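Me: I should like to go through the reasoning behind some descriptions of this structure. Please set each value against its criterion.

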Amino acid sequence: RCLGVADVLAALQFAREHGLAVSVRSGGHNIAGLAVSDGSLMIDLSRMRGVRVDPSARTAHAHAGCLLSDVDRETQVHGLAAVLGFISTTGIAGLTLGGGFGYLTRRFGWTCDTVRSMEVVTADGRIVQASEKENRDLFWGLRGGGGNFGVVTSFEYQLYPVGPQIFGGALAWRGEDAPVILEAYRNLLSTAPPEMTCVAALRRAPPAPWLAKEVHGQPIIALFICHTGEPERAEALLAPLRALRVPVGDTVQRRSYLSQQTMLDATQPKGRRYYWKSEYLSTLDPAMLAPLLDHAARIASPHSAILLFPLDGAIASLPDDHSATGNRDAGLVLNIAAAWDDDAQDAGNIAWARAAWQDMRPFSTGGAYINFQTDDEGEERIRAAYGANYERLAEVKSRWDSDNVFRMNKNIAPRP
């Protein structure tokens with residue numbers, strides 16, 4: 001349980017001396033559980049949670065054990081924000097090294113696009129800086145290539161003027177209204193400015209106070225909205241949606257950016273059983289709406305959902321090989337997220353997620369988000385996540401970790 005870089009160095013040296021495999025933990029949020037490996041030494045960074053903000057330079061230096069909430073809390077003091085994810089209990093390290101996206105991505109790009117530098121402990125025990133000026137190949141690989149190249153101990157993020165107030169919240173309708181709402185959502189995605197992000201979710205209504213009691217436990221479609229521009233523009237964009245059908249829940253209003261960043265936390269509690277399948281989509285093809293709704297109707301667990309996260313915008317403004325993340329042709333992330341409590345229900349929930357995924361795959365770009373891949377997805381899916389960038393990643397791996405010390409991850413093997 002490291003307190004600083006010296007502890008990371010000591011842990012790596014101990015692992016080498018005793019022939020131990022190494023895993024690395026930061027926030028402990030990853031769906032594949034890659035921080036935990038039997039018989040290995042876990043380098044746990046979760047106590048390294050310092051954040052330093054330079055408001056004049058609009059940068060934040062954050063230790064690798066930070067959660068998103070740690071960074072948001074410090075940056076919002078200055079009315080600034082980093083491009084981070086949707087769940088505030090996520091660790092910044094895993095999010096960033098796998099690409100990272102959230103409410104600000106359509107304006108500013110992948111999380112890793114906004115990293116200016118990283119401090120890294122390498123497999124051979126060196127401390128190096130990775131940036132556009134130093135060790136550029138390592139910097140390229142770390143921006144999407146995961147934990148394959150070293151232990152990142154701190155990140156320098158570019159910050160943007162966002163908050164403290166934004167316009168956001170949730171809108172929900174009955175499941176029977178989903179076809180109409182999804183069609184309107186598809187049209188909204190084609191016209192929404194980069195300042196607006198709107199996540200769609202098909203699920204059963206939780207017993208939340210913001211939802212009408214009569215829909216609790218019933219199918220709903222919900223939109224989670226964040227608009228970081230002029231509130232009046234957001235109201236105008238949402239007015240046609242509200243007029244289509246009467247919502248069964250509506251919390252969209254002026255609110256703090258910090259509250260927006262924690263809005264979905266309750267959907268991801270620790271200790272629940274999870275199994276995900278995901279794909280990148282270029283667009284929300286009208287032909288996929290019918291099968292999407294069919295599988296949504298088959299959701300058995302009150303915690304499962306089918307989610308659509310919009311991307312495009314700033315992501316597409318850079319070439320595909322700008323960073324290892326690539327996939328800049330992606331318009332959305334489709335996430336089929338099974339979640340349940342009883343291990344006796346494992347088989348049924350996993351089968352539902354796999355069946356829905358198989359029917360959605362024809363609409364995929366061929367790419368997949370590495371941070372959403374479960375433990376049973378192997379090299380074929382890793383290659384799908386990186387596409388043409390995979391071979392270059394293998395070259396970077398060969399230069400920085402030729403012995404594959406960092407292999408308890410979505411592994412990119414060094415060249416023979």
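Me: Which residues of the largest nonpolar core touch the most other members?

Reply: In this predicted model, that core holds 95 residues, and I43, I92, F101, M118, L142 and F155 touch the most other members. Leaving aside neighbours within four places in sequence, M118 is in contact with residues including L97, V128, F139, L142, V152 and F155. Apart from this core lies another, of 42 residues, among them A178, I221, A234 and Y275.

Me: Why is S364 called buried?

Reply: Buried means under 20% relative accessible area. The value for S364 is 19%, so S364 is classed as buried. S364 is placed in the loop between α10 (346–360) and α11 (379–386).

Me: What makes the pairing of the S364 and E279 side chains a polar contact?

Reply: The contact is of 2.6 Å, and the cut-off is a pair of N or O atoms within 3.5 Å; the pair therefore meets the distance criterion. Not counting residues up to four places away in sequence, S364 touches Y280 and L281 as well as E279.

Me: How do you know that the span of helix α6 agrees with its number of residues?

Reply: At 1.5 Å a residue, the 14 residues of α6 (residues 178–191) should span 20 Å; the end C-alpha atoms are 20 Å apart, so the two agree.

Me: Why are the buried residues of α6 said to line one face of the helix?

Reply: The buried residues are A178, I181, L182, A184, Y185, L188 and L189. Seen down the axis of α6, they fall within an arc of 165 degrees, and therefore line one face. The face turned away from the buried side carries the exposed residues S190 and T191.

Notes. Residues numbered from 1 in each chain as written. Predicted model: local features only at pLDDT ≥ 70, side-chain atom pairs only at ≥ 80, totals over all residues. Heavy atoms only, no water. Helix = DSSP H or I, 4+ residues; strand = E, 2+ residues; numbered from the N terminus. Buried < 20%, exposed > 50% of the residue type's maximum accessible area, 1.4 Å probe, protein only. Polar contact = N/O pair within 3.5 Å; in protein donor to acceptor, adjacent residues only side chain to side chain. Contact = heavy atoms within 4.5 Å. Core = buried A, V, L, I, M, F, W, Y, C linked by side-chain atoms within 4.5 Å. Expected span 1.5 Å × (residues − 1). Arc of directions from axis to C-beta.
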